[in-house]
Amino acid sequence: MGMLGSQRVGAVAAVLLSEWVPVLGLIFGGCCTNVFALESLVRSVPKSGNLITFAQFFFITLVTLPSQLTSSGGLRARQVPVRRWLTMVVLYFCVSVLNNLALGHKVSIPLHIVFRSSGLIANMACGRVVMGKRYGRGQAASVVVVSVGVVVATLASVSDEGAFVGESLVGVGLLALGVVFAALLGLYQEQTYAAYGKHWQEGLFYNHVLALPMFAFFYRDIWAQMRALTRESARVQVPGVGALHVQSLWAALLVNVVSQWACASGVHRMTSMSTSLTLNVVLNVRKLVSLVLSVVLFRNPVTPGMVGGCLLVFAGTFAYSRLSRAPTATASKKRD
């Protein structure tokens, strides 16, 4: 029995590793690479948010389309009603556009990461108002800690820009609005997955393809950003390919969209195979790694206020996740 038991444990461990290692690789490799490429782009062309968002949505639509095709070339039957996907698409589109637009308004990547890690605040507020959820005192205290951390980090960041006015204030407002939409998206996803099951590949496809027509409202802006990207790009030689040169910023955009696909795939897959607690912890560790890489690779200024704010946000989020395992917990799933 001892030998048989150890073989079963080994088999289970092998299965878990075969599932988890690829998913964690997609999340940490894809999402961290995405932040690196994103910062490279916005440092050269700050107001390139709409172009970046459109490129991400278009690329992910192309690479996920084959998974939704039948052998005859038509689309597979949906497991989730299209009206559900349309609602999620509008929310997801708003979140993506607002987050990328904020980078063009004097918002640093570290502050961007901190704000996107503070979704518990909006999540709890929307859960209470929209769905009538109840939360324990420990969860409320955790959210207060997160709120204080966001305020401290924001004040420290905008003070580096000179004053809490102008573009910095606009950028913070866009981020705050994006956090609210992300919370509503998480609550709606929770309801949808509970009712129809977790069909992550279908969700990844429809959340992007149905949003493409919305970019028609920004076509002039996207065209102008394409020209700016070409104008600001330097020609660089491709390593290992002697005569081949590419434009640096277009290469960075390609890296950004491919890594965004990897990141989104990892998050969607993990949603279908893990608990809310596990997903929360993994995503926040990933954001912490991205934050450290941004500071180290791009020499972003780090003040005591920024460090303290970051620690409060991550500590509060982790505490909330731990408390959410209690029977009274009603935590919602978060998205990157």
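Guide: A residue counts as buried under 20% relative accessible area, exposed over 50% and partly exposed in between (1.4 Å probe, protein chains only). This is a predicted model, where local features need pLDDT of at least 70 and side-chain atom pairs count only at pLDDT 80 or more, while totals for chains, interfaces and linings use all residues. Residues are numbered from 1 along each chain as its sequence is written, and side-chain values use heavy atoms, with hydrogens and water left out.

Visitor: Okay, what makes Ser142 buried?

Guide: Ser142 has a relative accessible area of 6%, and the limit is under 20%, so Ser142 is buried. Ser142 is part of helix α6, residues 137–160 (helices are DSSP runs of H or I, at least four residues, numbered from the N terminus). Leaving aside residues up to four places away in sequence, Ser142 touches Gly316, Ala319, Tyr320 and Leu323 (contact means heavy atoms within 4.5 Å).

Visitor: Why is the pair Phe93 and Phe215 called edge-to-face?

Guide: Phe, Tyr and Trp rings (for Trp, the six-membered one) pair with centres within 6.5 Å; planes under 30 degrees apart are stacked, over 60 edge-to-face, the rest tilted. Phe93 and Phe215 have ring centres 4.9 Å apart and planes at 80°, so this pair is edge-to-face.

Visitor: What does that pair tie together?

Guide: Phe93 lies in helix α3 (82–102) and Phe215 in the loop between α8 (200–209) and α9 (219–232), so the pair ties together parts 122 residues apart in sequence. Phe93 is buried at 8%, and Phe215 is buried at 3%. Ring pairs also link both into a cluster with Phe54, Phe57, Phe58, Tyr92 and Phe218.

Visitor: And how do you know which kind of pair Phe205 and Tyr206 make?

Guide: The centres of Phe205 and Tyr206 are 4.9 Å apart and the planes stand at 75°, so they go edge-to-face too. Both Phe205 and Tyr206 are buried. The rule gives 9 aromatic pairs.

Visitor: Now, what makes α2 oblique to α8?

Guide: The axes of α2 and α8 come within 8 Å and cross at roughly 140° (axes are lines fitted to C-alpha atoms, for helices over the stretch in contact, with angles from 0 to 180 degrees between N-to-C directions). Under 35 degrees is roughly parallel, over 145 roughly antiparallel, 65 to 115 roughly perpendicular and the rest oblique, so α2 is oblique to α8.

Visitor: Which residues meet there?

Guide: From α2, Phe57, Ile60, Thr61 and Thr64 meet Leu204, Phe205, Asn207, His208 and Val209 of α8. Among the buried residues of α2 are Phe57, Ile60, Thr61 and Thr64.

Methods:
Helix = DSSP H or I, 4+ residues; strand = E, 2+ residues; numbered from the N terminus.
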